[in-house]
Amino acid sequence: MSISTGCISSSVFCSGVSDTLIGDRGVLKGWKKKLERKISLSDDTGSDFLAKYVPSSTPYPCAEVSGTEFDAFKPGEVSAYPSFIKGLNALVASFPDQKRLSFFDCHTQFQRFPYADFASNHHKSYPDIAVSFPGQVLDAETSHLDWSRFSMIVELKAENEDPFCGKGLQYCKTLVQLAVNARNLLHAHSLLAAFVIDVYGDMVRIARFDHAGAIFSQPLSLRVVDDLGIIQRFFWNFAHPNDGETVVGCDPTVRRLTPDDEEWLKHRLELAGVSSEGLLSSEARRAEVFNDDALGNADGYATYILFKALDVNGRLFSRATTVWLGIRDTRSLANGRLVDLSVGSIPAEDLKVRIVKDAWRPVVRRSEKDFYARLSRVPSTEHVGVPSLVFGGDLGEREVRQWESHLYGAPAPDHRYRLSGPVTASSSIPPPSLSPRSAVDHLPVHRPMQQTFTWRQSRGSEYWHRERSHMRFVVDKVGRPLIKFRNTREMTAAIRDAIRGHRVAMTRAGILHRDVSVNNILIVDDPVEQDSFTGFIHDFDYSSMSREFPAANMASLFSELLLGDNDGGELQKRTGTFYFMAIQLLSDEGDIHGPHHDLQSFYWVILWVVLRHTDHTHPKGDEACPYIFDRGERASLAAKYSWLSGCLRKDLCVRDNVPLTVLLKEFGDLCVQVLLSDDQPLDYDEVLAIFDKVLDSDGYRNLWPAKDAPKAYKLPDTRIKDELSSGQRLRASKRKREAEKACGTRSDSETDMDDETKDFEPYDEIRRRPLPGRDGYANSVGASNPGRLIETDPSFTLCSPTRNYDVSLMEACEVEAILDCSDSEDQPDDAPDSSPIQRAKRRKTAVSGPRTSASSTKASTTLVGTSGSSLAKRVSMRELNSLRQSTVDVESWRGAASNTRSVGGGATGPSRMQPGRNERSIPQASSNARAGRARATRGRQRGGKEKAMRTE
């Protein structure tokens with residue numbers, strides 16, 4: 001359940017971005033995808049908006065506004081900042097000292113991501129005006145100003161920059177700045193919701209962000225007295241929350257450390273044998289962890305000091321998972337102070353450092369705690385390769401059930417109808433977050449904070465599946481990331497134990513993991529504990545579970561699993577971290593997600609680690625990984641097929657490491673066999689036998705290198721160089737959008753899957769479900785099954801160009817495919833009728849007419865791969881069927897020569913080979929095309945001269 005400071009998303013995709021500004025075009029486009037369909041505009045009036053989204057039950061005794069507070073403010077000028085702050089100070093002047101907010105002009109000071117270890121992974125920002133916490137004063141001369149001191153941000157923009165009044169990247173930039181500020185506030189203080197004020201000329205909007213979405217108020221005028229009163233009331237409510245001691249949106253179960261807490265922590269870590277050097281007290285916090293009963297009532301709670309963030313998911317609308325190192329706080333409250341009464345008799349368990357996970361799960365998903373509770377029923381003697389739950393629960397479910405128990409007498413059984421009906425009972429004591437009601441049967445307009453209600457409140461109860469629930473729990477095992485292995489033998493042993501843990505979860509607890517990835521396999525950090533197992537699999541967020549705890553040796557376990565969690569076709573929805581998903585799932589053919597898919601994911605995990613962090617023989621070196629693990633869904637499917645069927649896989653070696661080389665080859669061979677035989681899926685025993693062979697057998701045990709620590713990996717620059725002018729880019733982008741709209745699809749670069757996996761957040765197909773009552777995606781973005789393509793095309797060709805192919809080739813609707821005559825410019829139009837190009841053109845015309853495009857035909861298709869020879873020889877469908885029925889090596893039909901092409905063919909294989917054109921990688925196509933046209937021109941000129949001479 002832990003990720004160390006070597007966060008994968010950091011090392012893979014975010015290197016060097018800290019020097020990139022939010023306003024950069026590429027950054028804006030990335031954020032635009034994240035914000036798309038997540039922002040709503042409230043229809044409520046100002047006072048109704050405050051009652052619903054900024055609730056406070058504290059009486060509002062402030063002096064009335066005069067309407068002249070902002071008379072000196074001149075919008076659009078930097079010099080107007082002081083006059084604007086003066087107006088804000090006037091609005092809060094009547095607040096009590098301990099609740100008064102202060103405002104500070106910080107638009108010239110950049111701010112980094114709140115966690116120092118991850119600051120280089122995120123873009124720096126320049127917030128305009130910072131708002132203090134109640135009773136505090138922001139003063140740059142006496143204190144360091146960073147996110148730890150800010151409770152809210154105010155952004156000043158020109159009147160024409162209101163994002164709800166226009167379209168384009170300029171308006172997107174405004175929303176991105178607001179979203180970045182909200183994201184940083186949420187992470188800096190573990191907030192449940194963050195507020196940002198955006199000012200456009202004289203108009204003001206109040207924005208509320210949480211991890212499910214954002215809601216914006218209607219505009220309020222700085223020149224209208226009633227609107228100024230609404231803004232003043234907002235500041236009052238913000239500083240007087242119903243629950244918690246700081247501001248609306250704070251988490252009452254979390255607080256920052258006091259000086260006493262810091263001293264206690266240093267002493268306790270010393271007793272635990274853990275160094276406190278380098279710890280940042282500004283990031284540490286004290287958190288309550290609850291165990292819940294069926295009604296959501298606290299069934300005991302424990303307090304932990306979270307002293308080091310191991311992994312932070314910095315995405316705004318996501319699970320926002322933060323993994324901490326924590327230690328149990330054994331102090332008790334006595335005479336208003338926390339006192340440790342257990343000094344001298346501290347239980348050994350309380351001196352152990354634990355992993356504390358804090359995350360926001362989608363409410364449509366089962367709570368991860370349920371899976372750990374099921375795993376705890378497995379006998380300890382069989383508990384191998386999986387961590388154990390120590391404490392914890394779902395804070396969101398706990399709070400909502402408390403509300404429902406008070407309002408209705410019992411929790412609601414269905415998520416979609418939660419807190420939507422009239423009140424029927426109110427005998428119990430209301431939860432702290434519930435405001436007093438004006439009538440017995442009156443339901444307050446605000447909602448609990450530990451579970452989001454943004455979508456239900458702004459768009460209706462049918463959007464309940466978009467909400468998220470806050471959970472926090474503690475597990476026992478502390479692990480290192482898989483890429484932080486001491487040697488490759490340790491890494492391999494950790495993966496084997498993770499497979500064993502996967503089998504324990506599946507066969508003994510009825511749990512299918514469904515998200516095997518390099519992030520979710522950890523190495524046991526304590527060498528002493530490695531005697532039991534070296535690694536383990538964790539993170540059961542996306543798992544599925546049978547209804548009943550399985551009996552021993554249950555033969556029909558997978559059928560029971562389907563009955564348990566597949567009532568709504570849940571297992572048919574693809575989940576997992578995109579790079580490591582099995583080929584069958586990428587093909588989007590409705591396969592039921594089974595354990596054999598997860599077993600194939602283990603192969604992609606070990607290949608990923610080898611290509612990035614070992615000394616291997618792949619000819620592309622560090623560039624091999626991005627070529628095989630392509631970020632586009634359709635391209636990734638083709639790349640994986642190409643890799644498994646290519647000669648490079650069999651030739652791949654890890655230098656001076658025979659056991660790991662053998663493991664890669666035999667595991668890959670096993671994956672190829674099951675792809676060619678649908679009725680023989682991967683089996684635990686077969687996979688583990690390969691690992692046991694290279695780890696434990698006499699022939700390989702002593703061949704492992706003793707010192708082969710992970711090699712540093714630098715992500716190569718594989719971006720396509722943009723040589724177009726800005727006008728050409730805009731026109732090309734417009735044509736691309738129109739084409740996508742016409743065919744009802746989106747390119748890979750804009751899919752939700754691609755976006756979700758940038759930070760290694762598992763892909764979840766639920767997120768791609770069209771929204772009720774709104775435009776969703778017309779088609780699934782999934783790639784067609786290459787097997788289906790082959791059946792419809794008697795001359796299917798696999799090829800593997802380099803990655804920097806022409807952008808136009810990425811616009812196919814159904815597969816990452818191009819016509820194999822796409823480079824026909826290399827031969828003149830008057831080429832002989834028997835030429836391969838003319839035959840391809842005739843096939844193309846016969847299928848779809850003379851103007852068929854690459855995005856609308858499957859005829860004569862070339863599936864883009866990522867490695868191996870430039871062009872494999874053709875295979876007829878009959879040949880492929882014969883291969884599927886045998887155990888013939890895939891290489892026997894792929895062909896090694898890159899400039900040969902098979903012609904004809906039948907049931908016995910390719911009939912003959914003839915020299916073909918020099919097949920090239922696509923990046924060379926444009927230059928070779930010019931050369932071909934030049935040769936054709938010279939040929940026609942020579943032919944004309946000869947004809948003229950004969951005439952003479």
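Ground rules first. This is a predicted model: local features need pLDDT of at least 70, side-chain atom pairs count only at pLDDT 80 or more, and totals for chains, interfaces and linings use all residues. Residues are numbered from 1 along each chain as its sequence is written, and side-chain values use heavy atoms, with hydrogens and water left out.

The whole chain, then. There are 27 helices and 29 strands. Those are DSSP runs, numbered from the N terminus: helices are H or I with at least four residues, strands are E with at least two. The chain has 952 residues, and 57% of them count as buried. Buried means under 20% relative accessible area, exposed means over 50%, and partly exposed is in between, with a 1.4 Å probe and protein chains only. The accessible surface comes to about 39,600 Å², and carbon and sulfur atoms hold 50% of that. Areas come from the Shrake-Rupley method with a 1.4 Å probe; for residues, only the protein chains shown count as cover. Now contacts, meaning heavy atoms within 4.5 Å. Take those between residues at least 6 apart in sequence: 72% join residues at least 24 apart.

Next, the cores. In soluble globular proteins, nonpolar side chains tend to be buried together. A nonpolar core here is a set of buried Ala, Val, Leu, Ile, Met, Phe, Trp, Tyr and Cys residues joined through side-chain atoms within 4.5 Å. Which residues touch the most other members of the largest one? They are L482, F602, L607 and F629, in a core of 96 residues. This core draws at least three residues from each of domain 2 (251–421 + 445–476) and domain 3 (480–718). Those bounds come from an automatic or database domain assignment. Look at F629. Beyond its neighbours within four places in sequence, F629 contacts Y579, F580, W604, L607, W608 and L611. Another core lies apart from the largest one, with 75 residues, including L28, V65, Y81 and L222.

On to charge. The count is 43 salt bridges, each a side-chain nitrogen of Lys or Arg within 4 Å of a carboxyl oxygen of Asp or Glu.

One: R337 with D260, at 3.5 Å, N to O. R337 sits in strand 14 (residues 337–339) and D260 in helix 7 (residues 259–272), so this pair ties together parts 77 residues apart in sequence. R337 is exposed, at 52% relative accessible area. D260 is partly exposed, at 46%.

Two: R472 with D358, where the closest N and O atoms are 2.8 Å apart. Strand 17 (residues 468–475) holds R472 and strand 15 (residues 354–362) holds D358, so the bridge ties parts 114 residues apart in sequence. Both R472 and D358 are buried.

E490 is in helix 11 (residues 488–509) and R480 in strand 18 (residues 479–481), so the tied parts are ten residues apart in sequence. Both are buried. There is also a network: R255, D261, R286, D329 and R331 are joined by salt bridges that share partners.

Where does Q450 sit? In the loop between helix 9 (395–408) and helix 10 (454–459). Buried or exposed? Q450 counts as buried because its relative accessibility is 5%. A polar contact is a pair of N or O atoms within 3.5 Å; within protein, one must be able to donate a hydrogen and the other to accept it, and residues adjacent in sequence count only if both atoms are side-chain atoms. The Q450 side chain makes one with the side chain of D251 at 3.0 Å, and one with the side chain of H470 at 2.7 Å. Setting aside residues up to four places away in sequence, Q450 also touches others, among them L192, W360 and E399.

Last, backbone. Most residues other than glycine have a negative phi. R514 has a positive phi, near 70 degrees. R514 lies in the loop between strand 19 (511–512) and strand 20 (521–524), and is buried at 1% relative accessibility. D539 has a positive phi too, near 65 degrees. D539 is in the loop between strand 21 (535–537) and strand 22 (544–545), buried at 16%.

That's the tour. Questions are welcome.
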